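Biologist: Before we discuss this model, could you put it on the screen and tell me how each term is decided?

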There are 2 protein chains.
Amino acid sequence: MIRKSIQPPSKEQCTANLTAVGDALYVVGGKWKLRIIIALSEGNKRFNEIQRTVTGISARVLSNELKQLEQNSFITRKVQTETPVIIEYELTEYSQTLEKVLNSLREWGMMHREKIKTGKLSGL
Amino acid sequence: MIRKSIQPPSKEQCTANLTAVGDALYVVGGKWKLRIIIALSEGNKRFNEIQRTVTGISARVLSNELKQLEQNSFITRKVQTETPVIIEYELTEYSQTLEKVLNSLREWGMMHREKIKTGKLSGL
DNA sequence: ATTAGTAGTATACTAAAGGTTAGTGGTATT
DNA sequence: AATACCACTAACCTTTAGTATACTACTAAT
(Lines give C-alpha, C1' and ligand atoms only; values in the text may rest on other atoms or scores of the structure.)
Protein backbone atom coordinates (compact mmCIF):
# COMPACT_ATOMS: atom_id res chain seq x y z
CA MET A 1 0.00 0.00 0.00
CA ILE A 2 2.96 2.22 0.29
CA ARG A 3 3.69 1.69 -3.34
CA LYS A 4 0.54 0.37 -4.88
CA SER A 5 -0.55 1.65 -8.23
CA ILE A 6 1.64 3.57 -10.64
CA GLN A 7 4.96 1.77 -10.93
CA PRO A 8 5.45 -1.76 -9.74
CA PRO A 9 8.61 -1.92 -7.63
CA SER A 10 11.48 -3.99 -8.92
CA LYS A 11 12.39 -7.17 -7.14
CA GLU A 12 15.66 -5.54 -6.11
CA GLN A 13 13.93 -2.54 -4.62
CA CYS A 14 11.67 -4.82 -2.67
CA THR A 15 14.58 -6.86 -1.34
CA ALA A 16 16.41 -3.67 -0.43
CA ASN A 17 13.46 -2.44 1.61
CA LEU A 18 13.11 -5.77 3.31
CA THR A 19 16.80 -5.81 4.13
CA ALA A 20 16.77 -2.26 5.45
CA VAL A 21 13.89 -2.85 7.80
CA GLY A 22 15.43 -6.15 8.79
CA ASP A 23 18.68 -4.38 9.63
CA ALA A 24 16.91 -1.76 11.68
CA LEU A 25 14.92 -4.33 13.62
CA TYR A 26 18.04 -6.35 14.24
CA VAL A 27 19.67 -3.42 16.02
CA VAL A 28 16.82 -1.60 17.74
CA GLY A 29 14.16 -4.29 17.69
CA GLY A 30 13.05 -6.15 20.75
CA LYS A 31 11.01 -5.30 23.77
CA TRP A 32 13.35 -2.95 25.57
CA LYS A 33 16.00 -1.09 23.56
CA LEU A 34 13.89 1.78 22.30
CA ARG A 35 12.23 2.17 25.67
CA ILE A 36 15.58 2.43 27.38
CA ILE A 37 16.63 5.08 24.87
CA ILE A 38 13.46 7.02 25.65
CA ALA A 39 14.09 6.79 29.37
CA LEU A 40 17.59 8.13 28.83
CA SER A 41 16.33 10.91 26.62
CA GLU A 42 13.96 11.94 29.38
CA GLY A 43 16.83 12.51 31.76
CA ASN A 44 17.22 9.21 33.54
CA LYS A 45 20.84 8.27 33.53
CA ARG A 46 21.60 5.91 36.37
CA PHE A 47 21.02 2.19 36.43
CA ASN A 48 18.37 1.99 39.09
CA GLU A 49 16.74 5.15 37.82
CA ILE A 50 16.36 3.60 34.39
CA GLN A 51 15.06 0.40 35.88
CA ARG A 52 12.39 2.30 37.78
CA THR A 53 11.39 4.25 34.69
CA VAL A 54 11.23 1.35 32.28
CA THR A 55 8.69 -0.57 34.26
CA GLY A 56 8.90 -4.31 34.15
CA ILE A 57 12.51 -4.69 33.17
CA SER A 58 14.73 -6.81 35.41
CA ALA A 59 18.27 -5.88 36.39
CA ARG A 60 19.66 -8.75 34.41
CA VAL A 61 17.93 -7.77 31.21
CA LEU A 62 18.65 -4.08 31.66
CA SER A 63 22.32 -4.83 32.15
CA ASN A 64 22.42 -6.87 28.95
CA GLU A 65 20.54 -4.31 26.93
CA LEU A 66 22.76 -1.46 28.10
CA LYS A 67 25.81 -3.40 26.97
CA GLN A 68 24.32 -3.97 23.56
CA LEU A 69 23.29 -0.34 23.25
CA GLU A 70 26.84 0.64 24.10
CA GLN A 71 28.23 -1.75 21.51
CA ASN A 72 25.98 -0.21 18.92
CA SER A 73 27.17 3.29 19.79
CA PHE A 74 23.84 4.51 21.09
CA ILE A 75 25.04 5.17 24.62
CA THR A 76 28.22 5.62 26.59
CA ARG A 77 28.94 4.53 30.13
CA LYS A 78 30.53 7.29 32.18
CA VAL A 79 32.14 6.62 35.52
CA GLN A 80 32.76 9.39 38.02
CA THR A 81 35.70 8.13 40.04
CA GLU A 82 35.13 10.41 43.00
CA THR A 83 33.63 8.75 46.02
CA PRO A 84 30.95 7.71 45.90
CA VAL A 85 31.40 6.27 42.43
CA ILE A 86 28.59 7.39 40.19
CA ILE A 87 27.86 5.64 36.93
CA GLU A 88 25.85 7.41 34.30
CA TYR A 89 24.65 6.28 30.92
CA GLU A 90 24.42 8.95 28.27
CA LEU A 91 23.00 9.01 24.81
CA THR A 92 25.46 9.57 21.99
CA GLU A 93 24.97 11.83 19.01
CA TYR A 94 24.34 8.77 16.93
CA SER A 95 21.32 7.89 19.03
CA GLN A 96 19.70 11.04 17.72
CA THR A 97 19.45 9.49 14.27
CA LEU A 98 16.66 7.40 15.76
CA GLU A 99 14.46 10.42 16.32
CA LYS A 100 12.14 9.80 13.40
CA VAL A 101 11.80 6.14 14.24
CA LEU A 102 10.98 7.00 17.82
CA ASN A 103 8.50 9.70 16.95
CA SER A 104 6.64 7.65 14.38
CA LEU A 105 6.37 4.72 16.75
CA ARG A 106 5.22 6.92 19.59
CA GLU A 107 2.59 8.59 17.46
CA TRP A 108 1.39 5.35 16.01
CA GLY A 109 1.20 3.77 19.45
CA MET A 110 -0.92 6.60 20.76
CA MET A 111 -3.21 6.53 17.76
CA HIS A 112 -3.59 2.78 17.96
CA ARG A 113 -4.44 2.84 21.64
CA GLU A 114 -7.09 5.44 20.97
CA LYS A 115 -8.54 3.35 18.12
CA ILE A 116 -8.83 0.34 20.37
CA LYS A 117 -10.26 2.30 23.27
CA THR A 118 -13.02 3.77 21.14
CA GLY A 119 -13.68 0.41 19.55
CA LYS A 120 -13.07 1.75 16.08
CA LEU A 121 -10.94 -1.21 15.14
CA SER A 122 -13.19 -4.11 16.00
CA GLY A 123 -15.51 -3.35 13.12
CA LEU A 124 -12.87 -3.58 10.41
CA MET B 1 16.14 13.54 40.19
CA ILE B 2 18.12 16.35 38.72
CA ARG B 3 16.13 17.70 35.85
CA LYS B 4 17.86 19.04 32.78
CA SER B 5 17.66 22.63 31.66
CA ILE B 6 14.86 24.44 29.88
CA GLN B 7 11.66 22.43 30.05
CA PRO B 8 11.83 19.23 31.98
CA PRO B 9 9.43 16.59 30.70
CA SER B 10 6.92 15.64 33.29
CA LYS B 11 6.96 12.18 34.70
CA GLU B 12 3.55 11.62 33.14
CA GLN B 13 4.74 12.66 29.72
CA CYS B 14 7.66 10.31 30.01
CA THR B 15 5.46 7.43 31.03
CA ALA B 16 3.07 8.22 28.20
CA ASN B 17 5.88 8.04 25.65
CA LEU B 18 7.14 4.82 27.11
CA THR B 19 3.67 3.33 27.01
CA ALA B 20 3.04 4.46 23.46
CA VAL B 21 6.22 2.94 22.10
CA GLY B 22 5.57 -0.15 24.18
CA ASP B 23 2.12 -0.47 22.64
CA ALA B 24 3.47 -0.08 19.14
CA LEU B 25 6.19 -2.66 19.68
CA TYR B 26 3.68 -5.04 21.15
CA VAL B 27 1.63 -5.03 17.96
CA VAL B 28 4.18 -4.63 15.17
CA GLY B 29 7.36 -5.63 16.97
CA GLY B 30 9.18 -8.85 16.35
CA LYS B 31 11.27 -10.19 13.58
CA TRP B 32 8.66 -10.69 10.88
CA LYS B 33 5.48 -8.60 11.02
CA LEU B 34 6.74 -5.44 9.39
CA ARG B 35 8.63 -7.41 6.80
CA ILE B 36 5.51 -9.31 5.87
CA ILE B 37 3.64 -6.04 5.53
CA ILE B 38 6.35 -4.75 3.23
CA ALA B 39 6.20 -7.88 1.12
CA LEU B 40 2.44 -7.44 0.81
CA SER B 41 2.82 -3.78 -0.06
CA GLU B 42 5.18 -4.75 -2.85
CA GLY B 43 2.52 -6.85 -4.49
CA ASN B 44 3.05 -10.28 -3.05
CA LYS B 45 -0.25 -11.65 -1.96
CA ARG B 46 -0.17 -15.40 -1.88
CA PHE B 47 1.24 -17.59 0.85
CA ASN B 48 4.15 -19.14 -0.98
CA GLU B 49 4.87 -15.88 -2.73
CA ILE B 50 5.23 -14.13 0.61
CA GLN B 51 7.35 -16.94 1.97
CA ARG B 52 9.71 -16.63 -0.97
CA THR B 53 9.93 -12.86 -0.60
CA VAL B 54 10.48 -12.75 3.14
CA THR B 55 13.58 -14.87 3.07
CA GLY B 56 14.20 -17.11 6.02
CA ILE B 57 10.66 -17.41 7.32
CA SER B 58 9.21 -20.88 7.73
CA ALA B 59 5.68 -21.86 6.77
CA ARG B 60 4.70 -22.37 10.36
CA VAL B 61 5.86 -18.96 11.48
CA LEU B 62 4.41 -17.23 8.43
CA SER B 63 1.08 -18.88 9.08
CA ASN B 64 1.08 -17.68 12.69
CA GLU B 65 2.13 -14.16 11.82
CA LEU B 66 -0.52 -13.84 9.14
CA LYS B 67 -3.16 -14.83 11.66
CA GLN B 68 -1.97 -12.21 14.10
CA LEU B 69 -1.79 -9.55 11.43
CA GLU B 70 -5.36 -10.39 10.51
CA GLN B 71 -6.46 -10.16 14.13
CA ASN B 72 -4.89 -6.73 14.35
CA SER B 73 -6.73 -5.56 11.25
CA PHE B 74 -3.65 -5.07 9.13
CA ILE B 75 -4.58 -7.66 6.52
CA THR B 76 -7.55 -9.62 5.28
CA ARG B 77 -7.61 -13.14 3.92
CA LYS B 78 -9.55 -13.38 0.68
CA VAL B 79 -10.61 -16.70 -0.77
CA GLN B 80 -11.54 -17.05 -4.44
CA THR B 81 -13.87 -20.02 -4.49
CA GLU B 82 -13.53 -20.75 -8.20
CA THR B 83 -11.39 -23.70 -9.03
CA PRO B 84 -8.55 -23.61 -8.41
CA VAL B 85 -9.06 -21.99 -5.05
CA ILE B 86 -6.82 -18.96 -4.72
CA ILE B 87 -6.11 -17.39 -1.38
CA GLU B 88 -4.85 -13.86 -1.26
CA TYR B 89 -3.78 -11.72 1.63
CA GLU B 90 -4.44 -8.05 1.25
CA LEU B 91 -3.45 -5.02 3.25
CA THR B 92 -6.26 -3.09 4.85
CA GLU B 93 -6.61 0.66 4.97
CA TYR B 94 -5.55 0.55 8.56
CA SER B 95 -2.18 -0.87 7.56
CA GLN B 96 -1.49 2.42 5.82
CA THR B 97 -1.25 4.13 9.18
CA LEU B 98 2.08 2.36 9.51
CA GLU B 99 3.59 4.22 6.60
CA LYS B 100 5.68 6.61 8.66
CA VAL B 101 6.91 3.85 10.92
CA LEU B 102 7.89 1.79 7.91
CA ASN B 103 9.59 4.65 6.12
CA SER B 104 11.57 5.80 9.11
CA LEU B 105 12.76 2.28 9.84
CA ARG B 106 13.67 1.68 6.22
CA GLU B 107 15.63 4.91 5.99
CA TRP B 108 17.35 4.35 9.28
CA GLY B 109 18.28 0.80 8.31
CA MET B 110 19.84 1.98 5.08
CA MET B 111 21.73 4.76 6.79
CA HIS B 112 22.96 2.43 9.50
CA ARG B 113 24.19 -0.16 7.04
CA GLU B 114 26.11 2.51 5.19
CA LYS B 115 27.65 3.77 8.41
CA ILE B 116 28.86 0.32 9.29
CA LYS B 117 30.12 -0.41 5.79
CA THR B 118 32.24 2.74 5.73
CA GLY B 119 33.47 2.07 9.24
CA LYS B 120 32.19 5.41 10.48
CA LEU B 121 30.71 3.87 13.58
CA SER B 122 33.65 1.95 15.01
CA GLY B 123 35.45 5.17 15.89
CA LEU B 124 32.71 6.52 18.13
C1' DA C 1 1.65 -41.44 -14.60
C1' DT C 2 4.78 -38.50 -12.48
C1' DT C 3 6.17 -34.28 -10.93
C1' DA C 4 5.45 -29.82 -9.10
C1' DG C 5 2.92 -26.13 -7.10
C1' DT C 6 -0.62 -24.31 -3.51
C1' DA C 7 -1.86 -23.44 1.34
C1' DG C 8 -1.16 -24.75 4.82
C1' DT C 9 -0.93 -28.21 9.62
C1' DA C 10 1.44 -31.57 12.93
C1' DT C 11 5.15 -32.94 15.50
C1' DA C 12 9.34 -32.49 17.58
C1' DC C 13 12.98 -30.05 18.62
C1' DT C 14 16.50 -26.04 19.62
C1' DA C 15 17.60 -21.38 20.67
C1' DA C 16 16.81 -16.97 22.38
C1' DA C 17 14.64 -13.99 25.53
C1' DG C 18 13.20 -13.01 29.83
C1' DG C 19 11.87 -13.68 34.94
C1' DT C 20 13.13 -14.80 39.86
C1' DT C 21 15.87 -15.03 43.59
C1' DA C 22 19.88 -14.35 45.82
C1' DG C 23 24.11 -12.22 46.61
C1' DT C 24 28.44 -9.04 46.30
C1' DG C 25 31.23 -5.13 47.87
C1' DG C 26 30.91 -0.69 48.38
C1' DT C 27 28.84 3.88 50.42
C1' DA C 28 25.42 6.42 53.04
C1' DT C 29 21.90 6.98 56.35
C1' DT C 30 19.58 6.38 60.85
C1' DA D 1 25.27 -1.31 64.62
C1' DA D 2 21.70 -2.09 61.44
C1' DT D 3 19.51 -0.92 57.40
C1' DA D 4 19.27 0.66 52.80
C1' DC D 5 20.81 2.28 48.41
C1' DC D 6 24.00 1.54 44.34
C1' DA D 7 25.34 -1.20 40.20
C1' DC D 8 25.47 -5.01 39.12
C1' DT D 9 26.31 -10.55 38.44
C1' DA D 10 25.26 -15.68 38.91
C1' DA D 11 22.42 -19.50 38.81
C1' DC D 12 18.36 -21.41 37.65
C1' DC D 13 14.09 -21.80 35.42
C1' DT D 14 10.08 -20.73 32.23
C1' DT D 15 8.25 -18.82 28.20
C1' DT D 16 8.39 -17.44 23.60
C1' DA D 17 10.25 -17.68 19.09
C1' DG D 18 11.87 -20.16 15.52
C1' DT D 19 13.62 -24.42 12.76
C1' DA D 20 13.24 -28.78 10.27
C1' DT D 21 10.90 -32.37 8.48
C1' DA D 22 7.07 -34.58 7.15
C1' DC D 23 2.54 -34.68 5.60
C1' DT D 24 -2.34 -33.56 3.63
C1' DA D 25 -5.60 -32.81 -0.14
C1' DC D 26 -6.04 -30.51 -4.12
C1' DT D 27 -4.83 -28.81 -9.02
C1' DA D 28 -1.91 -28.21 -13.04
C1' DA D 29 1.56 -29.25 -16.14
C1' DT D 30 4.71 -32.66 -18.65
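Biologist: What is Leu34(B) in contact with, once its neighbours within four places in sequence are left aside?

Modeller: In this predicted model, Leu34(B) is in contact with Val21(A), Leu25(A), Val28(B), Leu102(B) and Leu105(B), leaving aside its neighbours within four places in sequence; two residues are in contact if their C-beta atoms, placed from the backbone, lie within 7 Å. Residues are numbered from 1 along each chain as its sequence is written, chains are lettered from A and ligands numbered from 1 in the order in which they are written. Local features need pLDDT of at least 70 and side-chain atom pairs count only at pLDDT 80 or more, whereas totals for chains, interfaces and linings use all residues.

Biologist: What makes Ala20(A) a buried residue?

Modeller: A residue is buried if 20 or more other C-beta atoms lie within 10 Å of its own, exposed if 12 or fewer, and partly exposed in between, with C-beta atoms placed from the backbone. Ala20(A) has 21 other C-beta atoms within 10 Å and is therefore buried. Ala20(A) is found in helix H1 of chain A, and beyond its neighbours within four places in sequence it is in contact with Arg106(B), Gly109(B) and Met110(B).

Biologist: Why is H2(A) described as largely enclosed by the rest of the structure?

Modeller: Seven of the nine residues of H2(A) are buried, so the helix is largely enclosed by the rest of the structure. The buried residues of H2(A) are Leu34(A), Arg35(A), Ile36(A), Ile37(A), Ile38(A), Ala39(A) and Leu40(A). Helices (H or I, at least four residues) and strands (E, at least two) are DSSP runs, numbered from the N terminus. Just after H2(A), Gly43(A) takes a positive phi of about 105°.

Biologist: How do you know that the span of H1(B) is close to the expected one?

Modeller: The expected span of a helix is 1.5 Å times one less than its number of residues; H1(B), with 18 residues, reaches 26 Å from its first C-alpha to its last, close to the 26 Å expected. The buried residues of H1(B) pack against H2 and H5 of chain A together with H2 of chain B.

Biologist: What makes a set of residues a nonpolar core, and which residues have the most contacts inside the largest one?

Modeller: A nonpolar core is a set of buried Ala, Val, Leu, Ile, Met, Phe, Trp, Tyr and Cys residues joined through C-beta atoms within 7 Å. The largest has 48 residues, and those with the most contacts inside it are Val21(A), Leu105(A), Val21(B), Leu34(B), Ile36(B) and Leu105(B).

Biologist: Why are the two copies said to be related as by a two-fold rotation axis?

Modeller: Copies are superposed by least squares on the C-alpha atoms of residues with pLDDT of at least 70 in both. Chain A can be laid on chain B with an RMSD of 0.1 Å by a turn of 180° and a shift of 0.0 Å along the axis, and the two copies are thus related as by a two-fold rotation axis. The same surface serves both copies, since 95% of the contact residues of chain A recur in chain B.

Biologist: Which residues come nearest to DNA strand C?

Modeller: A residue is near a strand if its C-beta atom, placed from the backbone, lies within 6 Å of it. Of the 19 residues around DNA strand C, Lys31(A), Ser58(A), Pro84(A), Arg46(B) and Ser63(B) come nearest. Around DNA strand D there are also 19 residues, of which Arg46(A), Asn48(A), Ser63(A), Lys31(B) and Pro84(B) come nearest.
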